[in-house]
Amino acid sequence: MKPLALFGGTFDPVHLGHLSVAWEASELLDAEVRLMPTHVPPHRHAPTASPAQRVAMLKAALQGQDRLTLDTRELRREGPSYTIHTLRELREEQGDRPLVLLLGADAFANLPSWHSWRELFEHAHIGVLNRPGIDAAWSVELAVEILPRRVTDPDVLRELPAGKVIELAVTPLEISATRVRELLAEGRDPRYLLPCGLFDDPTVLAPYRA
Ligand code: ATP
């Protein structure tokens, strides 16, 4: 069965790093990939752009293709976006369909700080996307949980609904939303770090301008 992969994030704003790794993960896993903007990220400061502005940027970014789609369920829910709640809900909806949680290597290294993190494996596989320029060392606690779950063949993920971890060798792109926000705040124009649809309407990037 074609897996359903979820790629959560603040997308503040969505940039070509997000889109490129999500696209390549979709190819490598032969999966449908949904980009899922988070509401109140439990681990970090509030986003600069509002939920509606982040959704508008994602919609503009996703035009003209159908491999990557948008799932706004976390924005419709009150309170913090705990991934475990989302995965429980998706498991109910999707029956035995393989689910894959896609995480950049930095987010993956932080997994043990997530709410009920070990339960994530009951509902989904995890696909780890390599990301250059960041410290993504695994703690002992994470390594002990991951090593028995590690696989290299994407076909294994199609045969089981959840529980495995695969590292996906996507093209490394050293782009972050932090860097994009810094450039915009300095009055610069990071045109080729962002999807071109974000430049069609000059008000779209206004929240990041100083
Ligand atoms: P910020 O700089 O504001 O922290 P970000 O660029 O890390 O933002 P997020 O929306 O926080 O973007 O990230 C969502 C997910 O995308 C995370 O799993 C993160 O690791 C991953 N990600 C973001 N940029 C890249 C990239 N260039 N390569 C691989 N993964 C990435």
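Author: Seven strands form an open sheet in the order 3-2-1-4-5-7-6. Their pairing is parallel. Strands here are DSSP runs of E with at least two residues, helices are runs of H or I with at least four, and both are numbered from the N terminus. Two strands pair if DSSP finds at least two bridges between them. Strand 3 (68–70) and strand 6 (150–151) are the edge strands, each pairing on one side only.

This is a predicted model: local features need pLDDT of at least 70, side-chain atom pairs count only at pLDDT 80 or more, and totals for chains, interfaces and linings use all residues. Residues are numbered from 1 along each chain as its sequence is written.

Now one pair in detail. Strand 5 (residues 125–129) and strand 7 (residues 165–168) run parallel, joined by four bridges. In this pair, G127 stands opposite I166 of strand 7.

Next, a helix on the sheet. Helix 4 (residues 83–94) lies across strand 1 (4–9) and strand 4. Helix 4 runs at about 155 degrees to strand 4. Axes are lines fitted to C-alpha atoms, for helices over the stretch in contact (C-beta atoms, placed from the backbone, within 7 Å). Angles run from 0 to 180 degrees between N-to-C directions.

Helix 1 (16–29) gives the largest share, three residues.

Note on methods:
Two residues are in contact if their C-beta atoms, placed from the backbone, lie within 7 Å.
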